[in-house]
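Dear colleague,

Here is the structure that I promised to hand over to you. Please open it beside this message, so that you can follow each residue as you read.

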Amino acid sequence: MASHTALTPPRGECRQCWLHTYDRAQHAHLAPREDCPDCVAHMGGRHPDHMIVR
Ligand SMILES: [Zn+2]
Ligand SMILES: [Zn+2]
């Protein structure tokens, strides 16, 4: 179960990246060395604006 921290990113943080960092369940379906496509898509600071907490 996701912790409160995982579900409540502070202002200016990317909701997806925050969730994937703090909720291990988000990567539970990946193989041990498999990259998460959602995280890869955001690498290098490419976070969609609508995912940033205002
Ligand atoms: Zn992101
Ligand atoms: Zn991820």
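Predicted model: local features only at pLDDT ≥ 70, side-chain atom pairs only at ≥ 80, totals over all residues.

Residues are numbered from 1 along each chain as its sequence is written, chains are lettered from A and ligands numbered from 1 in the order in which they are written, and side-chain values use heavy atoms, with hydrogens and water left out.

**The chain as a whole**

The secondary structure consists of 3 helices and 0 strands, where helices (H or I, at least four residues) and strands (E, at least two) are DSSP runs that are numbered from the N terminus. Read from the N terminus, the order of the elements is therefore α-α-α. The C-alpha trace spans about 35 × 25 × 15 Å along its principal axes. Of the 54 residues in the chain, 24% are buried; buried means under 20% relative accessible area, exposed means over 50%, and partly exposed lies in between (1.4 Å probe, protein chains only). The accessible surface comes to about 4,200 Å², and carbon and sulfur atoms account for 54% of it, with areas taken from the Shrake-Rupley method with a 1.4 Å probe, in which only the protein chains shown count as cover for residues.

**The zinc ions**

For a metal, donors are N, O and S atoms within 2.8 Å (3.2 Å for Na, K and Ca), and because water is not among the atoms, sites may look incomplete. C14 lies in the loop between α1 and α2, while H42 lies in helix α3 (residues 37–42), so the pair ties together parts that are 28 residues apart in sequence. C14 is buried, because its relative accessible area is 4%, and H42 is buried too, with 6%.

The zinc ion (ligand 2) is coordinated by H20 (ND1), H27 (NE2), C36 (SG) and C39 (SG), at 1.9 to 2.4 Å, and the spacing of these donors along the chain is H-x6-H-x8-C-x2-C. C36 is buried at a relative accessible area of 7%, whereas C39 is partly exposed at 23%.

Why is the arrangement around the zinc ion (ligand 2) called tetrahedral? The reason is that its 4 donor atoms subtend angles of 101 to 116°, and four donors count as tetrahedral if all angles lie between 85 and 135 degrees.

As for the cysteines, the structure holds 0 disulfides, a disulfide being a pair of cysteine sulfur atoms within 2.5 Å.

Q16 has a relative accessibility of 14%, and, not counting residues up to four places away in sequence, Q16 touches D38, C39, H42 and M51.

There is 1 aromatic pair, where rings of Phe, Tyr and Trp (its six-membered ring) pair if their centres lie within 6.5 Å, and planes under 30 degrees apart count as stacked, over 60 as edge-to-face and the rest as tilted. The ring centres of W18 and Y22 are 4.6 Å apart and their planes are at 40°, so the pair is tilted. W18 is buried at 15% relative accessible area, whereas Y22 is partly exposed at 42%.

Finally, E13 lies in the loop between α1 (4–7) and α2 (15–22), and is partly exposed, with a relative accessible area of 34%. Not counting residues up to four places away in sequence, E13 touches W18, M51, I52 and V53.

Methods. Contact = heavy atoms within 4.5 Å. Tetrahedral: all angles 85-135°; square planar, octahedral: opposite > 155°, others 65-115°.
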